[in-house]
Amino acid sequence: MIELAGVSKVYHSYLPRPRHVTAVRDFTLRVSRGEVLGLAGPNGAGKSTLIAMMLGYLEPGEGSVRIDGVRPRAYIERHGVGYMSELVAIPPRWTVESALARYATLDGVAPADRAACVGASIDRLGLGEHRGKRAKQLSKGNLQRLGLAQALVREHDLLILDEPTHGLDPVWTQRFRELVDAWRAPTRAILIASHNLDELERVADRVAIIDRGRLQRVVETRRGGGSAAAIATRYRLTLADGALHVAGAFPVSRALARDEFEVEVADVRALNAGLARLLSSGAMVTEVAPAYSALEQQFRDAVAGDE
Amino acid sequence: MRTPVTRYLRWHAADFIVERGLPLLIVNTLFVVQLAVMLRVKAGDGPVDRAAATIVLSSLLGVVGFTGAMIAVNGIVSNDRKHGYFRFLFAKPVSVAAYYALAFVVSAAGMLVCGAAFLGGFARYVAPVVAPGALLFLMMYFVAVGGLGFLLSVVTRYDWIALGAIWVATQLARDAFPAERYAAAKALLLLLPPTHLVQPMSLAVLRGEHVGALDGIWLVGYGVAAFVLGVILVRRRSLAA
């Protein structure tokens, strides 16, 4: 559905002295209908620039961006997209209800259906008690929910969500995951940009890792059929007894606390062999967990690899 | 399917009333009060001299038109870009150019209502100078100033400062280099706003005299050309640039 082909973007500024910053370079990626694609990267990696180009708010310096084969503005002005930006910019004077009514109007909701549509959006995002409040009176989390509500005021084939859970409490973060599951459809493409790798690993099928404007790698998550066990190589061990034997059981290990260690192994087989040695020496293991999630490990490798 | 932007008309109108219409009415009321006090003090116990009131009103009509247009179109595009409001608005299936063109038309209508209130207030509280053409003049003046203001709002975040600077600089340039004496400046002055037409046109309108069609076309044409250029640019230019 979205095709980015060799996209580059350089920002130019000339005062006080000429500066040219490459935000995105030679970026190629395809997002298909039916998939949820995560976009991860450190601050300043180029995620927001990439999204601005997908929405036609910025033109690429090189390469092309197409949505269903046409330029982004042509697609959006005809079909619209569900879009949530990292910073929720809604005029402070607008109330929750009037803001959603405006966005619903622009989204093509017929006047007769507008009230029901706005009511449903308010209920879906739990904004009922805030419907009469102005945007400037909302907390960060509620403003974020209003941002999500306007993105979902009408169903679209394309959803682009930039840091959608930023500022949400755990209850609404969990609710967001449920909403993404509910939005999944064979005809719909969903792109979620986030710093929260755990979040992406839970909701996305694939995660594109971007750093310094370049696509570093695309990781298939467990949800998308990838194997987390094949990826994780560092584990955290917590012991009740026998800490002295860890170094003998695992050639590469380091102590994090008195009874907590991080061990590095080649694969799951090596992990189990090490654990067997540790247990046979009399140690009592209370917890074994990947030191990083599979995606986090990939992310660290990808970002470190570019340094 | 693209949403007809006219469905958003009521929201544009509501925004105009709250953000621009009320300030415009306040400014116009202050003008009327100031004139009423000034002319009544001058007249003493007698009636206000109608001829003097007409000249004062003709001078003020340009000021009312300029400040009105400036308030009406200030930030019409740049505000959304500056604050990032465009991000949610234009993720919807709506034409960016049509959205802002409608906002401009709403501003013109609002400015006309405020101008009518000013003229009505002047006739009621200062002197009974009734000139139906004055409203038409305000409309033409709005198109000239507002069209340029719209264009500037598309290209810069400092649109009202730029508009004021261009208008004042043009007046100074026209005074310093009259086209009759400086042939070389003639072509350049044609590119600048027709500020020199404002005072003679407003006076002629208030006196019920004939206004040259060419002058009217020049004043309105300048604004229309700037507005059309603004519409083309807002369609082509990156909103987040």
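# Exercises on a predicted two-chain model

**Exercise 1.** Check whether the length of helix α10 (residues 213–236) of chain B agrees with its number of residues.

*Solution.* Step 1: the helix has 24 residues, and at 1.5 Å a residue it should span 34 Å. The expected span is 1.5 Å times one less than the number of residues. Step 2: the end C-alpha atoms of α10(B) are 34 Å apart, which agrees. Helices (H or I, at least four residues) and strands (E, at least two) are DSSP runs numbered from the N terminus.

Conventions: residues are numbered from 1 along each chain as its sequence is written, while chains are lettered from A and ligands numbered from 1 in the order in which they are written. The model is predicted: local features need pLDDT of at least 70, side-chain atom pairs count only at pLDDT 80 or more, and totals for chains, interfaces and linings use all residues.

**Exercise 2.** State where confidence is lowest and where it is highest in chain B.

*Solution.* Step 1: pLDDT is the predictor's confidence in each residue, from 0 to 100. Its mean in chain B is 86, and 99% of the residues reach 70 or more. Step 2: helix α8 (residues 183–191) of chain B is lowest, with a mean of 75, and helix α3 (residues 78–83) of chain B is highest, at 92. Step 3: the model as a whole scores ipTM 0.85 and pTM 0.84.

**Exercise 3.** List the buried residues of α10(B) and find what they pack against.

*Solution.* Step 2: Leu219(B), Tyr222(B), Gly223(B), Ala226(B), Phe227(B), Gly230(B) and Val234(B) are buried. Step 3: they pack against α5 (96–125) and α6 (132–155) of chain B.

**Exercise 4.** Describe the open sheet of three strands in chain A.

*Solution.* Step 1: two strands pair if DSSP finds at least two bridges between them. β1 (residues 2–13) and β2 (residues 19–31) of chain A run antiparallel and are joined by nine bridges; Val7(A) has Phe27(A) as its bridge partner. A hairpin of five residues connects β1(A) to β2(A). Step 2: β1(A) also pairs with β4(A), antiparallel, over five bridges, and Ile2(A) stands opposite Ile67(A). Step 3: the order is therefore β2-β1-β4, and β2 and β4 (62–67) of chain A stand at the edges with a single partner strand each, so one side of each has no neighbour in the sheet.

Methods: A residue is buried if 20 or more other C-beta atoms lie within 10 Å of its own, exposed if 12 or fewer, and partly exposed in between; C-beta atoms are placed from the backbone. Two residues are in contact if their C-beta atoms, placed from the backbone, lie within 7 Å.
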